[in-house]
Structures are given as C-alpha cells and as structure tokens.
Amino acid sequence: MTVTLNLNAPLAESSTRRTLADISLSVAKCKKIVIVTGAGISCSCGIPDFRSSDGLYALVKEQFPDVVMKGRDLFDASLFRDQTSTSVFYTFISQLKRSIDSASPAPTHEFIKRLDNKHKLLRSYTQNIDGLEEKAGLLSSLSQETGSNMKGKSKLKADEVRNIQLHGDIRRVRCTICSVDLLCTEEFLCMFEKGTAPDCPECTLRSEARIARSARPLKIGSLRPAIVLYDEAHPMGDDIGKIQSQDMARKPDMLIVMGTSLKVHGLKKLVKEFAKAVHTSASSTTGSPRRVRKWQGKVVFVNKTPPGTEWSEVIDYHIMGDVDKWVEKVTEDWRRIRPSDWEIQPMLDEHGNFKSAKDKGRTLGRPTGKSKQKPGVENALPVDGIPFPSIITKSASNAPSPSKRRQSVSHYSDLDSSPRKRRDVAKAYNKANKCLLFVDATNSIPQTDEGLTMDPFGSPFKHPGRRPRTLTISASTEIDIKRPRANSGTLRKKPWVEAAARP
C-alpha cells in the first residue's frame, strides 16, 4: 500500500517528519540506487513538462491549432506522413532546442551526480531529451564519449554509461536512411526553424563519390532530431535492454522515481521490473528482517501529482511536493545523520600546502581501467651504451615510496621488469659467462698482449666471430675445451712440440 507524505506538511506532524527522515537514512545507507526521472525535474530550469496545464502539449495546441488536434500528435511517429505536420514539428523542436541550450542543471541533476560521486548510484534512467544530466557530469548513452560510431550501430558500455536516455537527445540529429548520428549544429538548427530538414552530409559524400567514378548516385537521406517518438523503436533498444538486465541482476537496494506521471507504457514496465527487483533483494538479504525493512528495499515516488491505483502494490512512498525541495532536504538530513560521508580529507601538494581532496566520481571522457604509461618511456632505447638505464641510481627526490612496488622505466631493465623477464636476463648472463653467446664478426675486438683476440666477455678468440677449440696455457701447452668429455681437460702438447721431442 502506497503511503503519501506531504513535503509541505506542518512541522507538528511528527509521523510525517519521522518517515521522511527514514527515507533520507535509506538514501544515505543504500549503495545500489536506481534513479528514474521525467520532465518534472527540469521544470525549475525553464523547460516545460508535457502533461501539465502549461506543458508542451498545451503549448503546441495553442501555437498550431489548425495542424494538431492534440499536443501528443506532434510527438507521434505518424507526423512524418504529412508535410505540414512535419514542418510544424521541425519548427517547434528548433524553438525547444534553443531554450534547452540556455538552461542549466537543477539541484536534482546535481543530486544524482552526487550519488554517483559517493558510489551509491547504480544507474540513472531518464525520459528527458534535454541532456542536462550530461551537463551535470553524468556520462549519457548518446554522448560522444560512449564510443558511438557514425553508422548508428554503437555499443553501449555498461561500466561507463551512468545515464540512459530512454527517449533520445534533442541535441543530436540522425539520418533517415543511413542512421548516421551527428551533433545538431547551428546550420542544421536554422534549417529546422524554416520547417525544412537538411540533407545528410554522409549520404551526400557517398553519392558524389559514386558519381565521380561514373556510377549511379545514391539516394540522399534527410536529418531529423534524434529523439524517440510515440510508436517508434529506440535505435539502441537492444543495448538498453541488456544494461537493464545487468542492473536488475546486481540486486538494487532502492528505487527513486522523480518528476514523471508514469503514463508511457515502456517506462511503466521498466519501473515495475526494477521495483520487483528491489523488493526481492530486500527480502533475500541475510540478517535481521527488522533491520533490513528499516532502510533497505524502498520504492519512492516524488511528484506533485499522486500515482494511479495500479501502483498501490508497487510504490511504497509517494512524496507530494517539489522535487528540488525534497533532494535538498535529503542532503540536509544526510549531512546530519552521517557526517563522516561528507568529511573532506586535506592533502599536501608538491609545495607543502594543504588542499582538499574532491570526490572521485566518474567523469566525462576519462577512461576506466589501468592508466596508460607515457609514450616513449617503456620502449626507451639504451642511453650512452648502457642497456639497462633504470638501474642507475636515482635522486632521493624521485625515489619511489617503500610501500609501493617500483614501476619499470624501461623494458630493457632486468631489475624493474617482471619475474619472467628477470629469469630470461639471468639465463642470458649465464650463457655469456659460458661463452655460448654469438659475437658479431663486424664488431671491433680488442687485441691482447699475446696477439690473440678477446671477446667482450674475456674469452680468447683466434679468429673474430668463431669459438676457440682450445685454450692456450703456455707456448707448448693447450687445453681442449670444445668437447665435454671426461678427459677433455687433460693437458696435451701441441703437435710440433711432440714431433721435436721424438728421437
């Protein structure tokens, strides 16, 4: 049964204040929160919602009374069948785009980003097409940093995308033929204001290239706003479905729905599935059941209008009031209940001055995973003839911390490399000591006092680049060192010495 809480209730109602404080405690303690938002969170930014008395549907019907019967008709996929309704759609979207460009994120957008910084946000799903979540710092599904290609066949990465745009992005355009996804520039926006659609630049280039080689031209598509209309499939629907399944498998512990009337069929299904996952994870958690029900497994709906009767068994709490006021109250209660979550540890910079350590949240354009090494450092060549430059003693200021493993400067180093590389280098040294390394015959080899040649490791060579068969001890004695026999180390005289000794 849904419990309705009036955010503007008098302070004398202790039960309402206590329940609101418990919800704030749940936000502070939960670690896998799912956020679902609608157009209501952007009303304070000057962007109207859809279904209110002063929303977009009423605005469309007022501006174009002869074209549309209902405001919803201008956001239906069937409008492209008629040239007049298509022209009106482009004109209205251009006006809405300019008002969105001048808007700034609301406190609710900052609150969602704060949850992500505190590592409490599992995912944010939004119906909005304004892209204010990305302005607040959340990486969205249609942003340029998600790795989407030019053909519209992008693959969303679940570990990078923090905000899923269920209805597209008004700041981007898409071709009706090749599905290329581009940024909505000022040139495209000016043509939309005139009620016409610009030609796709990708289709134009391919068609001109075919004409240049005497081939038949291709059909050129037109650009349209990259938003999802009614009765229209999402171009990334498969990827969004996979991410939703992954999020439900991770057992979210809280669901917050804000600023939406829950009228769209697809969104209703998404909210019901997440609510079921939240309630299931709360009931299956080990520990005391009373402690679990106190702060885990809540489904909260924040909106000025109450939900329908079909949500009585799905939504636990309906907070009636402004969304921005509620997030400000949650933040205030959170600071009071758990002040340790807001402590900022001071750090010393390189000059010895204190500075504040900011929250380490996910930022746009920052790659996840291991940090890349500076180019040209790992494959550094030997310096001044030294094959292992990293073994040179470094200054005390650049010395690494004793608690951390020393990072390799060059892969030629035997001391800073991996254990396997160190073993390989040790084997090479052992072979060198046994005179088993090949020597380049073109290198200059120094001469000894006896006129013999000497390799870099100290072995006498009679001919440059060849291994010696025998080792000379004196003028009349040498040792056979080529064959590893039991008596190979015995002394023997040279043939001319033996011939001179015969009678």
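A disulfide is taken here as a pair of cysteine sulfur atoms within 2.5 Å, and in this predicted model the count under that rule comes to zero.

Select Cys 45 to begin: this residue is in no disulfide, and the cysteine sulfur nearest to its own, that of Cys 43, is 8.7 Å away. Cys 45 is buried, with a relative accessible area of 17%.

Now bring up the largest nonpolar core, which has 64 residues, and highlight Val 36, Phe 75, Phe 89, Tyr 125, Leu 255, Leu 262 and Val 271, the members that touch the most others. Colouring helix α3, residues 83–101, shows the element that supplies the largest share of this core, seven residues.

Return to Leu 262 and display its surroundings: beyond the neighbours within four places in sequence, Leu 262 is in contact with Val 257, Leu 267, Lys 268, Val 271, Phe 301, Trp 311 and Ile 315.

Finish on helix α9, residues 265–283, where Lys 276 is located. Lys 276 is exposed, at 62% relative accessibility, and its C-alpha atom is separated by 10.0 Å from that of Leu 255, a residue 21 positions away along the chain.

Notes
Residues numbered from 1 in each chain as written. Predicted model: local features only at pLDDT ≥ 70, side-chain atom pairs only at ≥ 80, totals over all residues. Heavy atoms only, no water. Buried < 20%, exposed > 50% of the residue type's maximum accessible area, 1.4 Å probe, protein only. Helix = DSSP H or I, 4+ residues; strand = E, 2+ residues; numbered from the N terminus. Core = buried A, V, L, I, M, F, W, Y, C linked by side-chain atoms within 4.5 Å. Contact = heavy atoms within 4.5 Å.
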